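Please look over the sequence and the 3D structure shown here. A short briefing follows, grouped by topic.

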Amino acid sequence: MKHISTQLNKAFDHRIRLGLMSVLMVNDWVDFNTLKELLDATDGNLASHIKALEAENYIEVKKQFIGRRPNTSYAATELGKKAFNDHLDALEQLLKQRD
Amino acid sequence: MAASKQQHIDTLQEIRSLMERSSRFISLSGLSGIFAGIWALAGATAAYFYLDIMPFDQNTFYYSIIDQGRHRGINILQFFVIDALIVLVGALGSGVYFSTRRAKRRGQKIWDPVTRRLLVELAIPLFAGGLFCLTLLYHDALVFVAPATLVFYGLALVNASKYTLPDIRLLGISEIVLGLIAMLRIGNGLECWAAGFGLLHIIYGAMMYYKYERNVTRS
């Protein structure tokens, strides 16, 4: 899957998804609650956007137990990082064009 | 078209802010540095008064007095340990206070995974340094304690700077350089210690306060 650099990626066409990727670009594994706090999102809202990005193979999921409590963390895949960088390049290009 | 351009700018700004907030402890307040510096200078002043010497006095080295074991009826080692502990608790207390206050004002949480990571990275060189200094005391090599605290503290700051404001890295390097200078100028250990933990903290704290907080705090 190759994106032309001036084309915005539809998968990132939402504030929460952009936020998710931003956080995962600079952190290894981030758990659900931390993401929720950072992005100021509700459980259901965040979960649905995570699903969408997971479906694109842009993020991967790790489920584990901390004590007896389940803990789910997320990381950006190489594909996701590349797609997000292309998206940022495209945003930059759009800004330049309209100067 | 202008509105859409503004939208893109806003998007990019939000991405940048999220990357920063999620990976760095940005609530660190410059006031913490200033007050840590004041505590350190007070501690150093107490040491000078207790030992009855003046800064840069080349006739009496502070460690030659320490070698006497007791001074003014107090065990000298005990005096230094208590003096250092008061400085440490005071500096940590004001650090936590001002950073928590800043985080609250900006509506951010103080205790999150980034804070924990920062503290762990800070703690590793600090614990090593603490134990190292204890072995120096064990070997009666008291003169090296002041330079060693500077070097290890500097290394801890450089190590932790990845997770907080970038200015901390430069502060760390300055502390390391000062510690190495103190190793060459053994007689001025106390002066170097006061400069590193006192003056440098105040200078960097003021710089950071000026750079990041001046406008925000007033609102």
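Two residues are in contact if their C-beta atoms, placed from the backbone, lie within 7 Å. Among contacts in chain A between residues at least 6 apart in sequence, 60% join residues at least 24 apart. This is a predicted model, in which local features need pLDDT of at least 70 and side-chain atom pairs count only at pLDDT 80 or more, while totals for chains, interfaces and linings use all residues. Residues are numbered from 1 along each chain as its sequence is written, and chains are lettered from A and ligands numbered from 1 in the order in which they are written.

**Chain A in outline**

- Chain A has 4 helices and 3 strands; helices (H or I, at least four residues) and strands (E, at least two) are DSSP runs, numbered from the N terminus.
- Read from the N terminus, the order of elements in chain A is α-β-α-α-β-β-α.
- The C-alpha atoms of chain A fill a box of roughly 55 × 25 × 20 Å along the principal axes.
- Chain A has 99 residues, and 26% of them count as buried. A residue is buried if 20 or more other C-beta atoms lie within 10 Å of its own, exposed if 12 or fewer, and partly exposed in between, with C-beta atoms placed from the backbone.

**The sheet of chain A**

- In chain A, 3 strands form an open, antiparallel sheet in the order β1-β3-β2. Two strands pair if DSSP finds at least two bridges between them.
- Both β1 and β2 of chain A stand at the edges with a single partner strand each, so one side of each has no neighbour in the sheet.
- Strand β1 (residues 30-31) of chain A pairs with β3 (residues 69-76) over 2 bridges, and β2 (residues 59-66) of chain A pairs with β3(A) over 8 bridges.
- A:Tyr74 in β3(A) is the bridge partner of A:Val30 and also of A:Val61.
- A:Lys63 has A:Thr72 of β3(A) as its bridge partner.
- The hairpin of β2(A) and β3(A) has 2 residues between the strands, and A:Gly67 there takes a positive phi near 65 degrees.

**Helices of chain A**

- Helix α1(A) lies across β1, β2 and β3 of chain A, at about 85 degrees to β3(A). Axes are lines fitted to C-alpha atoms, for helices over the stretch in contact, and angles run from 0 to 180 degrees between N-to-C directions.
- In α2(A), the buried residues are A:Leu35, A:Leu38 and A:Leu39.
- Seen down the axis of α2(A), these buried residues fall within an arc of 85 degrees (taken from the directions from the helix axis to the C-beta atoms), so they line one face of the helix.
- After α2(A) comes A:Asp40, with a positive phi near 55 degrees.

**Where chain A meets chain B**

- The contact takes 14 residues from chain A and 15 residues from chain B.
- On the side of chain A that touches chain B, α1 (15-26), α2 (32-39) and α4 (78-97) of chain A give two or more residues each.
- α1(A) gives the most to this side, with 6 residues.

**The largest nonpolar core**

- The largest nonpolar core has 41 residues, and B:Ala146 and B:Trp193 are among those that touch the most other members. A nonpolar core is a set of buried Ala, Val, Leu, Ile, Met, Phe, Trp, Tyr and Cys residues joined through C-beta atoms within 7 Å.
- α6(B) gives the most to this core, with 11 residues.
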